[in-house]
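These are my notebook entries on a structure that I looked up. I record each look-up in turn, together with the terms that I needed.

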Amino acid sequence: MKQLFTILALITAILALILSVLPVSNLAIFPAALALIFGLIAFYLSKKAGEVKKIIQFSFLLTIMALAVTTYKAIFNTTEVGNTETLVEKEETSKEEAIEELEELNLEEIELDE
Amino acid sequence: MKHILIALLFFATATLKAQNNAVAAGEKLVYTASYNMSGVLNDIAQVTLETSNVKTSKATLLHLKCKAVTYSKWDNFFKIRDLYESYVNPKTLTPYLYKRDINEGGYSKNMKYTFSHKTKTVKTVQTKGDWVEEKTVNINSGTYDIVATLYKIRLFDFESMQVGAKKSFTVIFDRKEINAQITYLGKETLSTAIGSKTCYKIAVGSSESNVIKGNKDNMLWLTADANKIMVYGKFKIPVGNGELKIKSATGVKN
């Protein structure tokens, strides 16, 4: 039982850390919360048995790191659009092509602007 | 009697042909697309809907443009640069030319439809790198492309619709005609980035799905004014749901 919770805490802590460095950093909150719960249970059980393993403290450390990264990203990173130069170019060429194409169509049924 | 007949005829034509009194050239709507899992939001991309006038030697058309661009934090993982365009009749929003140019995480595809409403056909050209494929597809009258449909929804008169009323239409996508249906679900007030708005709540689905029975997976909220701009959208995806929230709206008609 003690071992199970220790392993669960470690796995969820690692998952939280991985998620926190990805763009979906906000999702790291879920495994981080689980890691804390599992870690606390493991800690409590180990203390009752008389020996607290270093690995439990290590999983706490990982969780805290993950939460720190997530919080930092949520507060300081602004969401902005990346490089759109190629898209802007594409838009322009596409429009030019479209006008040529539209010229070929028979559009006489459309009234011109009044 | 003559006057009544003329009035009736005018009324009939006015209701038959949905006149464009909601979409104007120069309109720009910016949205944030995000992924929502149990209330934790993750911004993914910026979606922009733009309109402008395009002049050819014969006519002036309305150019509808829909762009999707991922935020910079995503660019190294999964970069999206999508461009959907439609050239439509400014009065009825009937499409003449549709172009789709997508680039999603290294996968790119080009599609071009040229509508011929007289012969009820669409000439399609698909390009992937050097590979070009041409095909002509038959359509029903009143089939729109996806971008024009997005704007066409704004021409419906929701005010006169009853709660639960449905409207069907066909959309051509990936060279196939898809039957779509919207259901009007009443009014709702939402607080958005452009202020608190009373909105028409609309469920979108294919005509097979039964929206009223509780299948409200895809929903749209359009402002309950003359512009009927979309302020919020919600889409069901396997885990959690996708959201489209308005960020700014400029150059609206009314």
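**Entry 1**

I first asked: does Arg175(B) count as buried, partly exposed or exposed, and how many C-beta neighbours lie inside 10 Å? I found that Arg175(B) counts as partly exposed, with 14 C-beta neighbours inside 10 Å. The terms rest on C-beta atoms placed from the backbone: a residue is buried if 20 or more others lie within 10 Å of its own, exposed if 12 or fewer, and partly exposed in between.

I note that this is a predicted model, in which local features need pLDDT of at least 70 and side-chain atom pairs count only at pLDDT 80 or more, while totals for chains, interfaces and linings use all residues. Residues are numbered from 1 along each chain as its sequence is written, and chains are lettered from A and ligands numbered from 1 in the order in which they are written.

I placed Arg175(B) in the loop between strand 10 (166-173) and strand 11 (176-192) of chain B. Its phi is near 65°, a positive value in a residue other than glycine. I then looked up Ser38(B), whose phi is near 45°, also positive in a residue other than glycine. Ser38(B) sits in the loop between strand 1 (28-37) and strand 2 of chain B. Ser38(B) is exposed, with 9 other C-beta atoms within 10 Å.

**Entry 2: chain A as a whole**

I recorded four helices and zero strands in chain A; helices (H or I, at least four residues) and strands (E, at least two) are DSSP runs, numbered from the N terminus. The radius of gyration of chain A is 28 Å, well over the 13 Å that the globule rule gives for 114 residues, so chain A is more spread out than a compact globule. This radius is taken over C-alpha atoms, and the rule is 2.2 Å times the number of residues to the power 0.38. The C-alpha atoms of chain A fill a box of roughly 90 × 25 × 25 Å along the principal axes. Of the 114 residues, 26% count as buried.

**Entry 3: helix packing in chain A**

I found that helix 1 (residues 2-21) and helix 3 (residues 54-76) of chain A pack at about 25°, with axes 8 Å apart. Helix 1 is thus roughly parallel to helix 3 in chain A. Axes are lines fitted to C-alpha atoms, for helices over the stretch in contact, and angles run from 0 to 180 degrees between N-to-C directions. Angles under 35 degrees count as roughly parallel, over 145 as roughly antiparallel, 65 to 115 as roughly perpendicular and the rest as oblique.

Helix 2 (residues 29-49) of chain A packs against helix 3 of chain A at about 160°, with axes 9 Å apart. Helix 2 and helix 3 of chain A are therefore roughly antiparallel. Among the residues of helix 2 that meet helix 3 in chain A are Leu36(A), Gly39(A) and Phe43(A).

**Entry 4: the contact between the chains**

I asked how many residues each chain gives to the contact. Chain B gives 31 residues and chain A gives 27; two residues are in contact if their C-beta atoms, placed from the backbone, lie within 7 Å. Strand 2 of chain B gives the most to the side of chain B that touches chain A, with six residues.
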